[in-house]
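The following questions and answers work through one protein model and its ligand. Please consult the sequence and the structure while reading.

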Amino acid sequence: MAHVRLWNITKKYGDVTAVNRLNIEIEQGECFSMLGPSGCGKTTTLRMVAGFEDIDEGEISVGQKVFSSSAKKFYLPPEKRDFGMVFQAFAVWPHMNVFNNVAFPLQIRKMPKSEVLERTQRAIKYTGLGGCENTFPNELSGGQKQRIALARAIAINPTVMLLDEPLSNLDPKLREEMRFEIKDLQRKFGFTIIYVTHDQTEAMALSHRILVMDHGVVQQIDTPINIYKNPANKFVFSFIGLSNFLPVEIHDGAIYIEGAAESGPITRLIPPEIREKKMTLAIRPAEIDFVTDGGVCGMVRKMTYLGDVIDYRVMLGSVEVRVQKSRRKGIYREGEACMLKFNRFLWYGRES
Ligand SMILES: Nc1ncnc2c1ncn2[C@@H]1O[C@H](COP(=O)(O)OP(=O)(O)O)[C@@H](O)[C@H]1O
Ligand SMILES: [Mg+2]
């Protein structure tokens, strides 16, 4: 049985439907990410799970217990939900040292002193804050402040951890490190994670499954690899990784870049699902190779070094294609004629 279940959740603010008929089932111990552009409804969803927002329609349950239900007019307040929570802003109490920041939620629960001590020390140790017990937050870096928030969330022994862009205010290197630490903590403590981010690499690195959302509506729920390899639609394709969307047309038994038949066909294998004459071909820049024969003819308009990878803009007729290749595969210069082979691509209708 699912651990956290959101059934048909809708939330409106005036005319804005922030979340529209959302259905999610999250397993015990799963790291489940909600990914999408700013304003797509991620935070609203998380706040409804946490109990900071009531729901307009639907039901949220954890285990066997209903937490919010529009039909039953039932709503459990946040402090009774016992979730661990970490937000983007470093929510630490400046007048308390690290130990007290972590211990405070336990103390207000009137837990025995020995247990407060044991849980606080354990959470401090596992978040790498050992030795900082007496330090005050203003003496700590952003990364360490976020560790306090993590330690505080862990100390209450939550079964579910809600994380809303917890790493967004950290610099890239630290962000990457902390991703691994969050995964490690999950392994040690076994909680379920609901993780909100607009950063696709973060979602990819952390999650068992990812939900991609746009305008409050689910676009796809799948494993990271499937989200990347088999995006359900153009939105998901473009949101995850780099993409080319190329206008193509079918004639004389082959598929050509629109208006560039003289460059040669992309393929003569026309998949059975293609019924229209004009389609959009979606391909990632890394899935295109430079070849010496049998490809589509083009010309390199621009090349940029991105470290080990070179980013090319290649013109096929009047259509620009982005190609990324390791520099070990040889270097093409700006203005040079070239030939491209399209490896793994998908088709979408012009309107989808
Ligand atoms: N308290 C609120 N009052 C009015 N509109 C809100 C409120 N909170 C969120 N919204 C709107 O709901 C939509 C989703 O917002 P949010 O859940 O914060 O998105 P995300 O976290 O994905 O960036 C946005 O259009 C936002 O403007
Ligand atoms: Mg948000």
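Q: Which residues have the most contacts inside the largest nonpolar core?
A: In this predicted model, the largest nonpolar core holds 36 residues. Helices H2, H3, H4 and H5 and strands E8 and E9 each supply at least two residues of this core. The residues with the most contacts inside the core are Leu163, Ile182 and Ile193.

Q: Which element gives the largest share of this core?
A: The contributors of at least two residues include helix H4 (142–155), strand E8 (160–164) and helix H5 (172–189). The largest share amounts to seven residues, and its source is H4.

Q: Which residues does Leu163 touch, not counting residues up to four places away in sequence?
A: Leu163 is one of the residues with the most contacts inside the largest core. Contact here requires heavy atoms within 4.5 Å. On that basis, and with sequence neighbours up to four places away set aside, Leu163 touches Leu46, Val86, Leu150, Ile182, Ile193, Ile194, Tyr195 and Val196.

Q: How many residues are in the second, separate core?
A: This second core is separate and includes Ile266, Leu281, Met303 and Val321. Its residue count is 28.

Q: What percentage of the residues in the chain is buried?
A: The secondary structure of the chain comprises eight helices and 20 strands, and the C-alpha atoms fill a box of roughly 80 × 50 × 35 Å along the principal axes. The accessible surface comes to about 17000 Å², with 51% belonging to carbon and sulfur atoms. Of the 352 residues in the chain, the buried share is 50%.

Q: Among contacts between residues at least 6 apart in sequence, what percentage joins residues at least 24 apart?
A: The question concerns contacts within the chain, and pairs of residues under the limit of 6 are left out. Of the contacts that remain, the share joining residues at least 24 apart is 63%.

Q: Why is H1 described as largely enclosed by the rest of the structure?
A: The buried residues of H1 are Lys42, Thr44, Thr45, Leu46, Met48, Val49 and Ala50. After the helix comes Gly51, with a positive phi near 95°. H1 is largely enclosed because the buried residues number seven of its nine.

Q: Which element gives the largest share of the shell around ligand 1?
A: The shell consists of Tyr13, Val16, Ala18, Pro37, Ser38, Gly39, Cys40, Gly41, Lys42, Thr43 and Thr44. By class, these are five nonpolar, five polar and one charged residues. The largest share is three residues, and the element that gives it is H1.

Q: Is Ser68 buried or exposed?
A: Ser68 is found in strand E5 (residues 65–69). Beyond four places in sequence, Ser68 is in contact with Met48, Ile55, Gly58, Glu59, Ile60, Phe74, Tyr75 and Arg81. Because its relative accessibility is 0%, Ser68 counts as buried.

Q: With which side chain does the side chain of Ser68 make a polar contact, and at what distance?
A: A polar contact needs a pair of N or O atoms within 3.5 Å. The side chain of Ser68 has such a contact at 2.8 Å, and its partner is the side chain of Arg81.

Definitions and conventions
Residues are numbered from 1 along each chain as its sequence is written. Chains are lettered from A and ligands numbered from 1 in the order in which they are written. This is a predicted model: local features need pLDDT of at least 70, side-chain atom pairs count only at pLDDT 80 or more; totals for chains, interfaces and linings use all residues. Side-chain values use heavy atoms; hydrogens and water are left out. A residue is near a molecule or strand if one of its heavy atoms lies within 4 Å of it. Helices (H or I, at least four residues) and strands (E, at least two) are DSSP runs, numbered from the N terminus. Ala, Val, Leu, Ile, Met, Phe, Trp, Tyr, Cys and Pro count as nonpolar, Asp, Glu, Lys and Arg as charged, and the others, Gly among them, as polar. A nonpolar core is a set of buried Ala, Val, Leu, Ile, Met, Phe, Trp, Tyr and Cys residues joined through side-chain atoms within 4.5 Å. Buried means under 20% relative accessible area, exposed over 50%, partly exposed in between (1.4 Å probe, protein chains only). Accessible areas come from the Shrake-Rupley method with a 1.4 Å probe; for residues, only the protein chains shown count as cover. A polar contact is a pair of N or O atoms within 3.5 Å; within protein, one must be able to donate a hydrogen and the other to accept it, and residues adjacent in sequence count only if both atoms are side-chain atoms.
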